[in-house]
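This report describes the fold, core and selected local sites of one protein model.

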Amino acid sequence: MITDARVPLTHQQPCSTAYEQMLEKVRYEGAYPTRERAEEAVRVVLTGLGRQLTGDERVDLARCLPLEAARVLTAQIPDTRPLTGWNFLKDLATRSGASLATTRWDTGAVFTAVTAHAGPDLTSRILHQLPTDWALLFGQAEITPAT
């Protein structure tokens with residue numbers, strides 16, 4: 001469950017089943033010892049992704065994700081220029097205080113779950129919106145423009 005430090009735990013709403021399943025997928029993919037660690041990875045990575053996606057892809061992804069995850073994604077104001085995949089990882093590592101290796105691991109685990117929710121067509125549209133090296137973050141070969 002995404003927690004708000006200002007709200008006592010006894011007053012927080014339970015997570016949806018879809019979000020619980022997403023967290024379990026991330027926990028499995030990332031081999032995290034706890035659900036809380038998986039949820040932290042989801043929060044950090046989706047916050048970063050929310051700063052990168054715009055337009056229909058952003059709206060469509062939010063529709064595919066469980067409500068709790070969609071709120072994290074859409075709470076961010078998109079940057080005016082998308083970061084390269086490498087700069088995205090560096091930005092997340094800096095903001096979270098984690099190492100680049102941990103950030104890359106978290107990103108892969110979360111994007112595996114995101115891809116499962118989005119499906120191949122939306123994932124492809126998302127990757128075409130972002131710089132080519134993002135495909136690697138989603139566990140796919142880099143997309144190169146046809147010449």
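The sections below proceed from the overall fold to individual residues.

## Basis of the description

The model is predicted, so that local features need pLDDT of at least 70 and side-chain atom pairs count only at pLDDT 80 or more, while totals for chains, interfaces and linings use all residues. Residues are numbered from 1 along each chain as its sequence is written, and side-chain values use heavy atoms, with hydrogens and water left out.

## Overall fold

The protein chain contains seven helices and zero strands, and from the N terminus its elements run α-α-α-α-α-α-α. Helices (H or I, at least four residues) and strands (E, at least two) are DSSP runs, numbered from the N terminus.

Of the 147 residues of the protein chain, 40% count as buried. Buried denotes under 20% relative accessible area, exposed over 50%, and partly exposed the range in between (1.4 Å probe, protein chains only). Contact is defined as heavy atoms within 4.5 Å. Among contacts in the protein chain between residues at least 6 apart in sequence, 61% link residues at least 24 apart.

## Nonpolar core

In soluble globular proteins, nonpolar side chains tend to be buried together. A nonpolar core is here a set of buried Ala, Val, Leu, Ile, Met, Phe, Trp, Tyr and Cys residues joined through side-chain atoms within 4.5 Å. The largest such core has 38 residues, and those with the most contacts inside it are Leu46, Leu61, Phe111, Val114 and Trp134. At least two residues of this core come from each of α1 (17-30), α2 (35-50), α3, α4 (67-74), α5 (85-96), α6 (100-129) and α7 (134-137). The greatest contribution is that of α6, with nine residues.

Leaving aside neighbours within four places in sequence, Val114 is in contact with Met22, Leu46, Leu61, Leu65 and Phe138.

## Packing of α3 against α6

The axes of α3 and α6 come within 10 Å and cross at roughly 175°. Helix α3 is therefore roughly antiparallel to α6. Axes are lines fitted to C-alpha atoms, for helices over the stretch in contact, and angles run from 0 to 180 degrees between N-to-C directions. Angles under 35 degrees count as roughly parallel, over 145 as roughly antiparallel, 65 to 115 as roughly perpendicular and the rest as oblique.

On the α3 side, Asp56, Glu57, Asp60, Leu61 and Cys64 meet Val114, His117, Ala118, Leu122, Arg125, Ile126 and Gln129 of α6.

Arg58 lies in helix α3 (residues 55-64). Arg58 is buried yet has no salt bridge, and the nearest side chain of opposite charge, Asp79, is 9.1 Å away. A salt bridge requires a side-chain nitrogen of Lys or Arg within 4 Å of a carboxyl oxygen of Asp or Glu; Lys and Arg count as positive and Asp and Glu as negative, with His and the chain ends not counted. Not counting residues up to four places away in sequence, Arg58 touches Gly50, Leu53, Leu73, Thr74, Ala75, Gln76 and Pro78.

Thr47 lies in helix α2 and is buried, with a relative accessible area of 18%.

## Loop sites

Ala31 is placed in the loop between α1 and α2 and counts as exposed at 61% relative accessibility. Its phi is near 55°, a positive value in a residue other than glycine.

Pro131 is found in the loop between α6 and α7 and counts as partly exposed at 22% relative accessibility. The C-alpha atoms of Pro131 and Pro82 are separated by 7.3 Å, although these residues are 49 residues apart along the chain. Not counting residues up to four places away in sequence, Pro131 touches Pro82, Leu83 and Thr84.
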